[in-house]
Amino acid sequence: MLEKILLVVASLFVVYFVVDFCFFQKQQKRPVYQQRLINGLLLAGILLSFYFAIAAMTPYLFIQIVLLNIVEMCVLILATTGIVLIFKTSVTTNFAQGTMATVGAFSAAKLIIYLTANTGYPMATKLILAMLFSAFISFLIGLFVDTVIFRHSRYANPVGKQMITMGLVLVLLGLMPILFGLLPLTIEAFSYDTQIFTIGQNIFVVPNHNLYALAITVAMLVVLFLALRFTKWGLGVRATASNETVAGMMGVNTKLITAMSWAIAGAFGGVAAFLFAPVGSSVTVSFMTPVQVNAFLASVLGGFSTFGGPLVGAVLINLFQTVASFFNSVWTNVIVYVLILFLVLAKPLGLFGKKTAKKV
Amino acid sequence: MMMFRFYLGEFFKKLRIVSKHPYFGFLVFGVVLLTLRLLSLAGIVSASMMKPLILTMIYAVVALGFSLLLGYGGLASLGTAGFVGLGTYFIGYFSGILGLPFALTLVIALGGAVVLGAIVGFISLRIEGMYLAIITLGLSEIMKEVFKSFEVFTNGVDGLDFRNFALFGRPVSDLGVDLIIIFVFILLILCTLNIIKSPTGRALLAMKNSDSAAQSMGIGLMKYRLLAFVLATIYAVIGGMLYMMDQEFSIPTTWSLDFSLNILAAVVVGGAQSITGIILGTFMIFGLNNTVLKNIAFFRTYPDATWILSGLLIILVTMFYPGGLIRLLVTIKAWVLRTVKKWRKKWRIHRYGEDD
């Protein structure tokens, strides 16, 4: 069965490359029908290989593994949302998203230790307080970064802005051992129990932590999308994303909008790190790095130009990982990354990307 | 005596002409490094000072290649770590485990670098700007995973040892390795100098400033982007091989995002378009913590705290000095010259009176 999948995928990519290289140098812009042909081939390839893969591992097992991986999916979605939110307003890819979140997780772990030593709150209260604290700290860091650094570097080119965020990664990586000590800390899961569902004759097992994580993520996303759609802030974000200068001229307080976007993105990251810590065993300086890398790839896969696209990208990456880990647990990430690389090569603007006209 | 003075005068006249040559400064730099290394043999310069300097040179080789990409091609890539890692494993596997002669290893490594660079170059034709950094980051992650899992080639997460480096069938001592590193370093500096002053370098610079303008002037994007990536990959692989000769050990965790970020920091902090700037930047990021800062107690307890300095340097330099620290030096030099001129004028007025 594995051979079949590889055959389908490989043949589709060969077809794609032949088509691409035949027309690569001759035409700057491809005709629409060719574009559609290539897109269709790719889509068909992905769907077919997915179908074969799920058939090979049986739908029951697939759903079970997906249920066990819900936390990772939620974390990835939250991190991706943060990155996209910042990209929309500041036109930069924030490499420090994961590191900002890690600072939040560290402070949450410290708060749990403090509360356990000094108060008699039950575990649930402590965890909720810690989660809010994590979000709050990351919120403050986001706010600080925008008001102190990004507000004053508006005229740096996009690659320069990217470099500033990379510098920020180094600063935070250096600061964390000084602030929180050199030892890794732990954050407990909301609950270590599991729920057992029976559908037909199949029994599904879901850890409670996954359900809580899913609830929190869905709630946050719903609030965010409602806010983007219906509040003045959301209107401001959309206006700033479309054109910052004109938005400023029309009376949108772009400084505030950008600062709030950074802060909210930070808070999303903080919650993501908090939810991910019990799964990733312990809070260390670089425990969010894989999430960060995946979130970037998800954003590129979905396309930065829409809010929804990257979320679909995040879900897709997680499903790819689920399927790939069933067949080969050692090479999972390599398979997934190569697949994404090919997808992005085929569609450089992402699956849902829109082409923007460039003035020369 | 007359003759001697005549020859001395001739010598200085010649020296003045020679010192105008662009190679001169770097050759002198090489001789200084060589002297330092030989002095450390005699114990005048401490060995703990020399080791980080040699390592800095290796990183500077990688940074030189990266500057061709970023400073001249305008292509931000985060795949450096993967390529350097690949270089270490090339020499570790082919020379160390298989025991092939070094010349053959070099050919294989350079061939691998060309192929890999061409692949990344093709990717860069489709994906541009900020997305390229992310995709090359993904590529670097792929290579890191391969280093971890492809145990025949890399010995997995335990790391690969490489001892008994031999050249022409004869084992090379530590001193020999250091001399090779200094030689390659100076050689690659001169190479880079030639590349950036040649039509290729001009074409890359044109491409950086505007794709469309460069294309309309007859510069093929495909050719020059591929070339830029191939060159950068070759430099990175050579850097990796030097690293393996010097450190004799390579482990996948070294070749992570941090390494790429540090190389990027070195190039950006120093000044991406000036070779002196890159050497300065590499020393600021990699050399400073091991030679100077490690003597401070605070940095000994928290070794990672040196990253704060590099990070702050990147942020401040990008915000206020996009040309890099080398521009700061130029500004300071101009300021000093101006001030000296002003005071000399004042002194003249004081001495001879104002001329009306």
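Biologist: Which residues does B:N289 touch, not counting residues up to four places away in sequence?

Modeller: Keep in mind that this is a predicted model. Leaving out neighbours up to four places away in sequence, B:N289 touches B:K294, B:F299 and B:T306. As for its place, B:N289 sits in helix α13 of chain B, residues 275-291.

Biologist: Is B:N289 buried or exposed?

Modeller: The idea is to count C-beta atoms around the residue, with 20 or more others within 10 Å as the cut-off for buried. B:N289 has 20 other C-beta atoms within 10 Å, so it counts as buried.

Biologist: And how do I read a distance between two residues of one chain?

Modeller: Look at the C-alpha separation together with the gap along the chain. B:N289 and B:A42 are 247 residues apart along the chain, and their C-alpha atoms are separated by 25 Å. For another pair, take B:F286 and B:I263: they are 23 residues apart along the chain, with 8.9 Å between their C-alpha atoms.

Biologist: Where is B:F286 placed, and what does it touch?

Modeller: B:F286 is in helix α13 of chain B. Setting aside residues up to four places away in sequence, B:F286 touches B:L55, B:T56, B:Y59, B:N262 and B:A266. It is buried because 25 other C-beta atoms lie within 10 Å.

Biologist: Let's zoom out. What is the secondary structure of chain B?

Modeller: Chain B comes to 16 helices and four strands. Its C-alpha trace spans about 85 × 55 × 50 Å along the principal axes. Of its 356 residues, 43% count as buried. To see how the chain comes back on itself, look at contacts by sequence separation. In chain B, among contacts with a separation of 6 or more, 76% are between residues 24 or more positions apart.

Biologist: How many helices and strands does chain A have?

Modeller: Chain A has 14 helices and two strands. The box filled by its C-alpha atoms is roughly 70 × 60 × 40 Å along the principal axes. In chain A, 42% of the 360 residues count as buried, and residues 24 or more positions apart make up 73% of the contacts with a separation of 6 or more.

Biologist: What domains is chain A divided into?

Modeller: There is domain 1 (1-57) and domain 2 (59-341). Taken over C-alpha atoms, the centres of these two domains of chain A are 32 Å apart. To read the boundary, count who touches whom: four residues of domain 1 of chain A are in contact with six residues of domain 2 of chain A. On the domain 1 side, helix α2 (residues 32-57) of chain A gives the most, with three residues. By class, that side has four nonpolar, no polar and no charged residues.

Biologist: How do I read the length of a helix, say α11 of chain A?

Modeller: Compare its end-to-end reach with what 1.5 Å a residue would give. Helix α11 (residues 254-276) of chain A has 23 residues and reaches 32 Å from its first C-alpha to its last, close to the 33 Å expected. This helix, α11(A), is mostly covered, with 21 of its 23 residues buried. Helix α13 (residues 308-327) of chain A has 20 residues and reaches 30 Å, close to the 28 Å expected. Buried residues in α13(A) include A:G309, A:P310 and A:L311.

Biologist: In what sense do β1 and β2 of chain A pair?

Modeller: Strand β1 (residues 194-199) and strand β2 (residues 202-207) of chain A pair in the antiparallel sense, over six bridges. One bridge joins A:F197 to its partner A:F204 in β2(A). The hairpin has two residues between the strands, and A:G200 takes a positive phi near 65° there.

Terms used
Residues numbered from 1 in each chain as written. Chains lettered and ligands numbered in written order. Predicted model: local features only at pLDDT ≥ 70, side-chain atom pairs only at ≥ 80, totals over all residues. Buried ≥ 20, exposed ≤ 12 C-beta atoms within 10 Å, placed from the backbone. Contact = placed C-beta atoms within 7 Å. Domains from an automatic or database assignment. Nonpolar A, V, L, I, M, F, W, Y, C, P; charged D, E, K, R; others polar. Expected span 1.5 Å × (residues − 1). Pairing = 2+ DSSP bridges.
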